[in-house]
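Open the model in your viewer and keep the sequence panel beside it. Each stop below tells you what to select and what is there.

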Amino acid sequence: TLCGISGAALAWNGTGHRLVAAIAWEVMTPTVRAETLRLLGQHPDHERWQRQNWVEDAERLVFLACATWPDEIRKDARFYTAGQQTATPLLAGFPDMARHSDWHTEGRPLDPLASPSPPAPPGHLSGALRSVIRTLGDGRSEAMHRSYALPWLIHLAGDAHQPLHLSLKFNATGEWDHFGTGLWIEDPEAWRTPRKTLHAFWDDTPGPGSLRGGALDDKARQLMRQLPVAAVDTDAPFDQWLDESWEWARRIGYPEALEDPPRLSEAFREHSRRVANQRVVEAGYRLGRLLNQLLGEPALQTRPGNF
């Protein structure tokens, strides 16, 4: 069954993005940590992120909290969806008030030779990444623009590693599945919500969206033990992040079951879980490395015991 794209289901869930940020924090040098916190302190929503975290480690948790901000503004009345809504008033500290929903994805045909042209814009993830990286790395840019670019980079680094953010798949009649948000599946393991979209299944694979605090830190430590930083190409450019996600989507992103809706097998769920965990860790290591290069010391460091 195919339907319109769901704007609420286009990213790792909150846990996935917070895991990416938590792992990146371990890679970042003290100088770069301080610079990211300084920039986030100039963001108009910094106080909101602070209110979410009143504990001792609040500064680090602000860094984690901002990772989900680009998804949260999808339902924030201060912002608008370009092409669908009237522009909202420009507020102090923001360079613009657009939600930029098309920044999260970039549809690439999984079968380029057999695929027709997509019926809708396929997204601009690579262009958005290029833009925010350039802005953040330019110390001459206005502080407002750099503080705005930072949460976007933290978030988009995660999105770029989610396989279904790069998928553009058509069925036999030429209908596009909208990054898997238009393909419903049955997941017998999810007894509360067994029927969901394939995109939602992938988004939730790193863990329940409510995971926070010590449980989130335990999960991050576990993932870093399973895939040490030495095993990851941390210098991979962002276009390689996207190419890898496209390849994963092409190879294992979609179930082979023929039912309507497809019923996920145990083998598919386990393989997807392993790939999702790998992609979250790779995103975290690479984001931390990139922030070190953009904002300070280039030396890669990891401190797995610090959180």
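The tour starts with the whole chain and then goes from stop to stop.

**The whole chain**

Keep in mind that this is a predicted model. The chain has 307 residues, and 55% of them count as buried. Now think about contacts between residues at least 6 apart in sequence. Of these, 74% join residues at least 24 apart.

**The largest nonpolar core**

Select Phe63, Leu129, Leu153, Leu198, Trp202 and Leu291. These residues have the most contacts inside the largest nonpolar core. That core has 83 residues. Which helix gives the most to this core? Helix H11, residues 266-295, does, with twelve residues.

Since 22 of its 30 residues are buried, H11 is largely enclosed by the rest of the structure.

Now centre on Leu153. Leave aside its neighbours within four places in sequence. Leu153 is then in contact with Leu129, Val132, Ile133 and Leu136, and also with Leu287, Leu290, Leu291 and Leu294.

**Trp49**

Select helix H3, residues 46-51, and find Trp49 in it. Is Trp49 buried or exposed? With 1% relative accessibility, Trp49 counts as buried. Show what surrounds the side chain, not counting residues up to four places away in sequence. Trp49 touches Leu40, His43, Val62, Ala65, Cys66, Trp69 and Pro151. Then draw a distance from Trp49 to Phe63, which lies 14 residues away along the chain. Their C-alpha atoms are separated by 8.5 Å.

**Where H1 meets H9**

Select helix H1, residues 14-27, and helix H9, residues 213-226. Their axes come within 10 Å and cross at roughly 65 degrees. The crossing of H1 past H9 is right-handed. Show the side chains in the contact. From H1 come Thr15, Arg18, Leu19, Ala22, Ile23 and Glu26. From H9 come Leu216, Lys219, Ala220, Leu223 and Met224. Colour them by class: the contact has seven nonpolar, one polar and three charged residues.

**Backbone exceptions**

Most residues other than glycine have a negative phi, and most peptide bonds are trans. The next selections depart from that pattern.

Go to the loop between strand E2 (167-168) and strand E3 (184-186), and select His178. His178 is not a glycine, yet its phi is positive, about 55 degrees. At 14% relative accessibility, His178 counts as buried, because the cut-off is under 20%.

Select Phe179, in the loop between E2 and E3. Phe179 also has a positive phi, about 60 degrees, although it is not a glycine. Its relative accessible area is 2%, and Phe179 is buried.

For the last stop, move to the loop between helix H10 (238-252) and H11, where Pro261 is found. Show the backbone from Asp260 to Pro261. Is this peptide bond cis or trans? The bond is cis, with omega near 5 degrees.

Technical notes:
Residues are numbered from 1 along each chain as its sequence is written. This is a predicted model: local features need pLDDT of at least 70, side-chain atom pairs count only at pLDDT 80 or more; totals for chains, interfaces and linings use all residues. Side-chain values use heavy atoms; hydrogens and water are left out. Axes are lines fitted to C-alpha atoms, for helices over the stretch in contact, and angles run from 0 to 180 degrees between N-to-C directions. Helices (H or I, at least four residues) and strands (E, at least two) are DSSP runs, numbered from the N terminus. A crossing is left-handed if the near helix is turned anticlockwise from the far one by less than a right angle, and right-handed if clockwise. Contact means heavy atoms within 4.5 Å. Ala, Val, Leu, Ile, Met, Phe, Trp, Tyr, Cys and Pro count as nonpolar, Asp, Glu, Lys and Arg as charged, and the others, Gly among them, as polar. A nonpolar core is a set of buried Ala, Val, Leu, Ile, Met, Phe, Trp, Tyr and Cys residues joined through side-chain atoms within 4.5 Å. Buried means under 20% relative accessible area, exposed over 50%, partly exposed in between (1.4 Å probe, protein chains only).
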